[in-house]
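Here are some notes to go with your first look at this one. Keep the viewer open and follow the points in order.

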Amino acid sequence: MCRRHLWLPGAISFIRPLLVPNVMAHTEWTLRALDGLGLPMTTRIREALTLPALVLTVALSMADEAEAEQETGVTLDRWWLTQRKRADELRHSRRFPLLAALTGEEVPDVDGLFEYSLARHLDGFVALVEDQTRTRP
């Protein structure tokens, strides 16, 4: 949805949320999905907010990139080509030996970064649920 509506990530706030039925219905749906796992409501509401926050963080970066490309006419690939000399200078300055070891294949695209972030978040959530299950009487 955020790809189709680039304005959406900037319109959603977790501090001052829009109190509209569709947003509240989504939160309710998430809480219902977490119901029965034995998690306290505090944990469930945090999870119901954390997962969309992860999505929106990546979506904001995607929206910023789309806006930058529209304003400048320069694609991300073309921008990186213009930055290559400076990036190589910094990587090979001996100040950043670990970054100098990168070949470029290790750096994920936005989708790859999102998939990795989501997987690690879900791994942690699974561990939390398993821990709660073990400690429950």
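The points below walk through a few places to look at.

1. Ground rules. This is a predicted model, where local features need pLDDT of at least 70, side-chain atom pairs count only at pLDDT 80 or more, and totals for chains, interfaces and linings use all residues. Residues are numbered from 1 along each chain as its sequence is written, and side-chain values use heavy atoms, with hydrogens and water left out.

2. Start with Leu31. You'll find Leu31 in helix α2, residues 21-34 (helices are DSSP runs of H or I, at least four residues, numbered from the N terminus). Leu31 counts as buried because its relative accessibility is 14%; buried means under 20% relative accessible area, exposed over 50%, and partly exposed in between, with a 1.4 Å probe and protein chains only. Leaving aside residues up to four places away in sequence, Leu31 touches Met41, Arg44, Ile45 and Ala48 (contact means heavy atoms within 4.5 Å).

3. The nonpolar patch. Ile12, Phe14, Met41, Ile45 and Leu49 make up a nonpolar surface patch with about 380 Å² of accessible area together. Patch members have over 30% relative accessible area and no salt bridge, and nonpolar side chains are joined within 5 Å; a salt bridge is a side-chain nitrogen of Lys or Arg within 4 Å of a carboxyl oxygen of Asp or Glu. The areas come from the Shrake-Rupley method with a 1.4 Å probe. Ile12 sits in the loop between α1 (8-11) and α2, and is partly exposed at 34%.

4. The tryptophans. Searching the whole structure turns up one aromatic pair. The rings of Trp79 and Trp80 have centres 5.0 Å apart and planes at 75°, so the pair is edge-to-face (centres must lie within 6.5 Å; planes under 30 degrees apart are stacked, over 60 edge-to-face, the rest tilted). Trp79 is partly exposed at 39%, and Trp80 is partly exposed at 48%.

5. A charge over a ring. Look for Arg120 over the face of Tyr116, 5.0 Å from the ring centre. The test wants NZ of Lys or CZ of Arg within 6 Å of the ring centre and within 35 degrees of the ring normal.

6. Two loop residues. Gly36 is in the loop between α2 and α3 (41-72), and is exposed at 68%. Arg94 is in the loop between α4 (76-91) and α5 (97-100), and is exposed at 77%. Most residues other than glycine have a negative phi. Arg94, not a glycine, has a positive phi of about 75°.

Key: Patches are made of residues with over 30% relative accessible area and no salt bridge: like charges are joined within 9 Å, nonpolar side chains (Val, Leu, Ile, Met, Phe, Trp, Tyr) within 5 Å. Rings of Phe, Tyr and Trp (its six-membered ring) pair if their centres lie within 6.5 Å; planes under 30 degrees apart count as stacked, over 60 as edge-to-face and the rest as tilted.
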